[in-house]
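Work through the exercises below with the model open. Each task is followed by a stepwise solution.

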Amino acid sequence: PRAQDHLRVRRRRNVSRLDLVVIGSGPGGYRAAVLAAQRGLSVAIVERDAWGGACLNRGCVPKKAWYHTARILAAAPGLARRGVRAALQPDFAAAWQHQRDVVGAVRASYEDYLDRLGVQRFEGAARFTSASQVVVNDTSLDARHFVIATGSRPRLPEALSHAGRGVLNTDDLFERPPPPGTRVALLGSGAVGVEMAFILTRLGLNVLWLTGNEPLSASRFSVPARKRLTEALAAQGVAARTRSRPLGCEALEHGIVLRLPDGAREQVDWVLAGTGRRPNTDDLALEAAGVRISAQGFIVVDEAQRSTARNIFAIGDCANPAMTSNHALAEATVAVANLASGAQVPSRRQWVPEVIYSALELARAGATEDELEHADTEYAVGFSAFASNPAALAAGEGEGYVRLLANADQGTLLGCEIVGAEAGELIHFAQPGAAGEALLARLARERFTHPSRSEEFLNAAEALVGRWGMPIPAA
């Protein structure tokens, strides 16, 4: 064993009452452990599977590696007019191995940082015996506080449950090479479907995208944003076949036959099911700790992320139906702040960024226009397009816009939607701090690089001034 493994074993043999035990090492659990250790608390973290959870090993991290590759390949047809002559060809096998290499590098750094912070690590399934104790294998951990961050697992439709290894979920896709063949049926109209339809197509697979509904129709993105994404996908040769959720399947020796609602039968080499997830809460013995779960299996928490047991907090997928790593990270910050101080700081979930990485990036935070109108809230709109942005034009990425919703009297930000390249980075301008302060006052203190895509955020804010007569504060 390595020296740090000896250290880890030695720490386990001297377990006493801890300030905090974190159950689950995904992005939320990891952040909770790090923040608590940085505050000087004694912390242990428990993981029954791979360190880093689904996000690192089977989700957002490997997907982001593929997304970057997909964007390079998508840009290839326009390279010649930019003075670059090259023929780019996708290699799915190499791309698959690359994401594993990225995951391994991140995980090694992740584990090292926990060890350097003095966070004790335990491998195994945790079960509550009371509100102040869990058991991991044969070790009892007593703690003043707990943060449950056990994440979620993929949910497979009943119609496909008997198809064997020919039907994959995203866990399967990133953990081991898929079956042979390049004709793939992709199921799902949510974020996974929209993102993987673009990514897998650009990586050289022949994707049959089957959905029950229009893509992202259940999301909080606006109709114009969804329309622009649909057009961008179509330009890449990607389109959803709606009202085509499979009714059943037949496993062949090499491939899968899907039976569709219109009577058609489609044969593919394998299937990727992006059909939702369910929370991991059923093996924790939560009843022993007095922690209540909902009918859907989510841990019931208040705005401070506290469960029905006051010293036990829950974050991320196991407590929030939004099921994104962004929510898990934000909720970890809130949970640690509250358990360390006894305060009741709210999560303000509506300001957690929602991002789609596809043929066109979509990002949003805060309220939507429909929500504001339903609440009969007076608001003003500031809009600025990337079509005339010098940095966007230089990069050949002029599609999209920044759209701000603000209180017309106070200038406070109510909501934001960004469509276009790097939307997932630009959305950070629209964060909770902006919700309690005049938007223009905050932007007036910023210094923007020119030319840059971020200038459109300032331009959208200044559009509010011109249209609604808002005062421009001093810098």
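A residue counts as buried under 20% relative accessible area, as exposed over 50%, and as partly exposed in between. The model is predicted.

**Exercise 1.** Classify both partners of the salt bridge between Arg 241 and Asp 262.

Solution.
- Step 1: Find the contact. The closest N and O atoms are 3.9 Å apart.
- Step 2: Take Arg 241. Its relative accessibility is 27%, so Arg 241 is partly exposed.
- Step 3: Take Asp 262. Its relative accessible area is 56%, so Asp 262 is exposed.

**Exercise 2.** Decide whether Arg 121 and Asp 115, which form a salt bridge, are buried or exposed.

Solution.
- Step 1: Locate the pair. The closest N and O atoms lie 3.0 Å apart.
- Step 2: Arg 121 has a relative accessible area of 1%, so it is buried.
- Step 3: Asp 115 has 8%, so this residue is buried.

**Exercise 3.** State which parts of the chain the salt bridge between Arg 71 and Glu 422 ties together.

Solution.
- Step 1: Check the distance. The closest N and O atoms are 3.2 Å apart.
- Step 2: Place the residues. Arg 71 sits in helix α4 (residues 60-75), Glu 422 in the loop between β21 (413-419) and α12 (423-426).
- Step 3: Conclude. The pair therefore ties together parts 351 residues apart in sequence.

**Exercise 4.** Find the edge strands of the open sheet of four strands.

Solution.
- Step 1: Read the order, β8-β14-β9-β10, with parallel pairing.
- Step 2: β8 (167-168) and β10 (206-210) each have a single partner strand, so these two stand at the edges.
- Step 3: Check one pairing. Four bridges join β9 (residues 183-187) to β14 (residues 270-273).

Conventions
Residues are numbered from 1 along each chain as its sequence is written. This is a predicted model: local features need pLDDT of at least 70, side-chain atom pairs count only at pLDDT 80 or more; totals for chains, interfaces and linings use all residues. Side-chain values use heavy atoms; hydrogens and water are left out. Two strands pair if DSSP finds at least two bridges between them. A salt bridge is a side-chain nitrogen of Lys or Arg within 4 Å of a carboxyl oxygen of Asp or Glu. Buried means under 20% relative accessible area, exposed over 50%, partly exposed in between (1.4 Å probe, protein chains only).
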